[in-house]
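Work through the exercises below with the sequence and the 3D view open. Each task is followed by a solution in steps.

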Amino acid sequence: MTITRRSFCASLAAASLLSTIDHAGADQSVTIIDMAGREVHLPALPKRIVLLEAHDLLTMSLLHPDPASLVVGWAAVDRIDSELLEKRLANGHTISVVGQQSPDTISLEGLIGLAPDLVVTTSFMTPQGNGDSIVERLRQFGIPVVFGDASSNTITGEQGSDPVAELKTSMKMWGALLGASAKADAFISFFERELAGITARISGAKPVTTYLEVQSTLDDCCWAAGRKVWGDLLALAGGQPLPGVTAPWFEKLSLEYLLATPHEVYIASGGGWISGGRPPIGPGIDPALGRQGLQRLIEGRPAFEHLPSVRAKRVHGIWTGLITNLPLNILFVAQTAKWLHPERCTDLDLAAILNTINREFAAFPIEGPLWASI
């Protein structure tokens with residue numbers, strides 16, 4: 001990436017603006033370990049944050065009463081995957097868009113021009129490997145960068161992943177960055193308590209073979225969740241992928257394989273973005289629409305009604321936000337455990353878990369249900 005006259009001028013303007021930022025609480029220096037295992041020091045709590053994964057604002061909203069007041073720019077806004085949630089999280093603040101859903105859309109000039117005192121990214125959105133990366137350029141301009149997503153960072157790339165450990169690291173990182181460490185610790189305790197209850201209920205149960213689908217669209221079948229991230233959460237819920245799934249992230253399976261392979265449950269993914277016939281499931285969406293979307297998948301894909309899971313009438317759908325947002329993973333694990341082991345989880349109250357999140361942590365309510373069944 002070369003420095004143009006325009007970008008040089010933008011950097012000068014940014015330096016000037018940074019010098020005028022209110023540094024009240026400048027003595028509150030903070031050192032954190034980010035999700036890539038890097039130690040990062042900030043001279044003060046950040047007040048002008050750029051999020052290169054906009055859905056990080058949801059995590060912030062569990063720790064701060066108005067997180068968008070601290071955010072001056074964001075990218076990949078569509079990955080929030082809920083128009084209602086996006087509007088509530090923004091809370092009337094104007095946030096500049098600095099990129100879309102891929103790294104080639106990120107504007108270094110746009111970042112610098114916003115004079116951020118922190119940029120939160122992932123290795124997907126800011127690939128490294130050369131001295132001219134966006135991360136390196138931001139470092140040269142004195143702008144701290146932290147990695148906020150372990151699933152796409154090399155530290156876990158070949159070493160497996162631990163969603164509970166990642167949740168703890170993430171909440172501790174954000175708690176320190178937002179001056180809300182006590183609330184972050186409280187959320188971790190809540191998460192561990194709920195997870196322990198689920199683990200106790202399904203202890204000793206045989207794992208249920210499940211077709212968990214990462215991209216549930218009418219026009220592109222059949223993308224199975226891999227053994228990391230989504231697969232890790234499935235395991236916590238007492239499930240296991242189909243035996244033919246060996247890839248870490250996702251794997252395309254043939255319809256013939258699905259029809260021939262015994263499995264007990266099918267879980268589709270849905271969201272606010274419903275292009276391609278994806279089931280509409282998410283905050284603020286009528287649950288009836290989610291059920292209708294699942295039915296369209298079953299009826300619209302050739303021979304899909306003959307899947308073992310469909311014949312057994314164990315068809316469900318989940319909002320992808322329960323997986324992409326680490327603090328909400330507990331809802332995915334709880335609901336999936338209830339689907340996979342209904343006889344052991346009759347008293348598992350998903351509404352109570354969501355109500356606790358909304359009452360004790362969330363700045364803005366996350367409306368349920370965030371799942372559907374037919």
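Rings of Phe, Tyr and Trp (its six-membered ring) pair if their centres lie within 6.5 Å, and planes over 60 degrees apart count as edge-to-face. The model is predicted, and it holds 6 aromatic pairs.

**Exercise 1.** Classify the pair of phenylalanine 187 and phenylalanine 361, and state which parts it ties together.

Solution.
- The ring centres are 5.0 Å apart and the planes stand at 80°, so the pair is edge-to-face.
- Phenylalanine 187 belongs to helix H7 (residues 181–202), while phenylalanine 361 is in the loop between helix H14 (350–360) and strand E14 (371–373), so parts 174 residues apart in sequence are tied together.
- Both phenylalanine 187 and phenylalanine 361 are buried.
- Phe187 and Phe361 form one aromatic cluster with Phe190.

**Exercise 2.** Describe the pair of tryptophan 223 and phenylalanine 250, then decide whether each residue is buried, partly exposed or exposed.

Solution.
- With 5.7 Å from centre to centre and 75° between the planes, this pair is edge-to-face.
- It links strand E9 (residues 220–225), which holds tryptophan 223, to strand E11 (residues 250–252), which holds phenylalanine 250; the two residues are 27 apart.
- Buried means under 20% relative accessible area and exposed over 50%.
- Tryptophan 223 has 22%, so it is partly exposed.
- Phenylalanine 250 has 48%, so it is partly exposed too.

**Exercise 3.** What is the strand order of the open sheet of 5 strands, and which are its edge strands?

Solution.
- The order is E5-E4-E3-E6-E7, with parallel pairing.
- Strand E5 (96–99) and strand E7 (145–147) are the edges, each pairing on one side only.
- Strand E4 (residues 71–75) is joined to E5 by 3 bridges, and tryptophan 74 stands opposite valine 97 in E5.

Definitions and conventions: Residues are numbered from 1 along each chain as its sequence is written. This is a predicted model: local features need pLDDT of at least 70, side-chain atom pairs count only at pLDDT 80 or more; totals for chains, interfaces and linings use all residues. Side-chain values use heavy atoms; hydrogens and water are left out. Two strands pair if DSSP finds at least two bridges between them. Helices (H or I, at least four residues) and strands (E, at least two) are DSSP runs, numbered from the N terminus. Rings of Phe, Tyr and Trp (its six-membered ring) pair if their centres lie within 6.5 Å; planes under 30 degrees apart count as stacked, over 60 as edge-to-face and the rest as tilted. Buried means under 20% relative accessible area, exposed over 50%, partly exposed in between (1.4 Å probe, protein chains only).
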